[in-house]
Amino acid sequence: MRRACAVALVLVACRSAAPIPEHRRVERQEIAGTRLLVDAGLPGPVDLLVTPAAVERGSCDLLIHFHGAAWIPFQAAGGRPLCVAAVHLGAGSSVYERPLIEPGAYQRLVAAIEEQTPPVRKRYLTAFSAGYGAVRAILRNHAEAVDGVLLLDGLHTGYTEEGDVEAGKMEPFRAFARSAADGGKRFLITHSEIIPGYYASTSETADDIARAIGLQRKSGLTRRFGMITTYEASCGNLLILGFRGDAAPDHIDHFHSMAEFLAVFLLLEP
């Protein structure tokens, strides 16, 4: 049954004299577990971590992360029964989207990873920044095989001649958001206030999804995850969190806060 969502998205800039906390810099720690390099037919290898909790349980939830240093998603896994596959292919969303849009690419990626893991129960995609390109490619063709998505300040698209976000490129995310709002999937989106200028910002794409679903925005400056939230909007298992900050370090903060965001994401139980 579809869950009712209040339609009351207000596009208001939330500004105040409230101080912005110091930027997050997560201390790198020793990571327990079995770490392997997997050849999945992508331009670069997949760095895989099987946590001790996954081995002990004899099964795991698989988290495939796109873009950024592998130790951050590995460390975010903590003591959970997770298998974490980190894919870092370089700069720009196209380097992630092109190889994953190829027929059979996602199936090969999952098969290569799961050859090295205990039996997998749930499959999640996470991405920071440009990694959203891989997520878009996968959702376009394999959304039914994905149980949840976590996007860390990384959902962009181009503009139409009228100045709107490109609907075709947003539709895979809109459709997945509808499934999350209905309670069948998990979807957590975070965004900063950075304005690229010549393509749609993460704020604009988050607003697009909120409008498509009909989310009520709860505004207010709150210190969370070492940052300042400007609002949150949710329905079912869909959650959007907006944060202050319009500079490069503010963008990096989202990645360094992955452990906290992952904890919230995993509580969005379908």
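This is a short talk on one protein chain, from its overall build down to a few residues.

Please keep in mind that the model is predicted. I will start with the whole chain. Its secondary structure consists of 9 helices and 10 strands. The C-alpha trace spans about 50 × 40 × 40 Å along its principal axes. For 270 residues, a compact globule would have a radius of gyration near 18 Å, and this chain has 18 Å, so the two agree.

Next, contacts and burial. Of the 270 residues, 55% count as buried. If we take contacts between residues at least 6 apart in sequence, 71% of them join residues at least 24 apart.

The accessible surface comes to about 11700 Å², and carbon and sulfur atoms account for 52% of that.

On to the interior. In soluble globular proteins, nonpolar side chains tend to be buried together. Here the largest nonpolar core has 56 residues. Which residues have the most contacts inside it? They are Ile64, Phe66, Leu109 and Phe187. Take Leu109 as an example: leaving aside neighbours within four places in sequence, leucine 109 is in contact with Ala40, Leu42, Val46, Ile64, Phe66 and Leu100. Apart from that core lies another one, of 29 residues, among them Ala76, Met227, Met258 and Phe261.

Two single residues remain. The first topic is histidine 67. You will find histidine 67 in the loop between strand E3 (60-66) and helix H2 (71-77). Is histidine 67 buried or exposed? Its relative accessible area is 12%, and the cut-off for buried is under 20%, so histidine 67 counts as buried. Not counting residues up to four places away in sequence, histidine 67 touches Val87, His88, Gly90, Tyr96, Phe128, Ser129, Ala130, Gly131 and Phe255. One of these, alanine 130, is 63 residues away along the chain, yet the C-alpha atoms of histidine 67 and alanine 130 are separated by 6.7 Å.

The other residue is serine 192. Serine 192 also sits in a loop, between strand E7 (186-191) and helix H7 (202-213). With a relative accessibility of 1%, serine 192 counts as buried. What does serine 192 touch, not counting residues up to four places away in sequence? Its contacts are Asp153, Thr202, Ser203, Phe243, Gly245 and His254.

That is the end of the talk.

Notes
Residues are numbered from 1 along each chain as its sequence is written. This is a predicted model: local features need pLDDT of at least 70, side-chain atom pairs count only at pLDDT 80 or more; totals for chains, interfaces and linings use all residues. Side-chain values use heavy atoms; hydrogens and water are left out. Helices (H or I, at least four residues) and strands (E, at least two) are DSSP runs, numbered from the N terminus. The radius of gyration is taken over C-alpha atoms; the globule rule is 2.2 Å times the number of residues to the power 0.38. Buried means under 20% relative accessible area, exposed over 50%, partly exposed in between (1.4 Å probe, protein chains only). Contact means heavy atoms within 4.5 Å. Accessible areas come from the Shrake-Rupley method with a 1.4 Å probe; for residues, only the protein chains shown count as cover. A nonpolar core is a set of buried Ala, Val, Leu, Ile, Met, Phe, Trp, Tyr and Cys residues joined through side-chain atoms within 4.5 Å.
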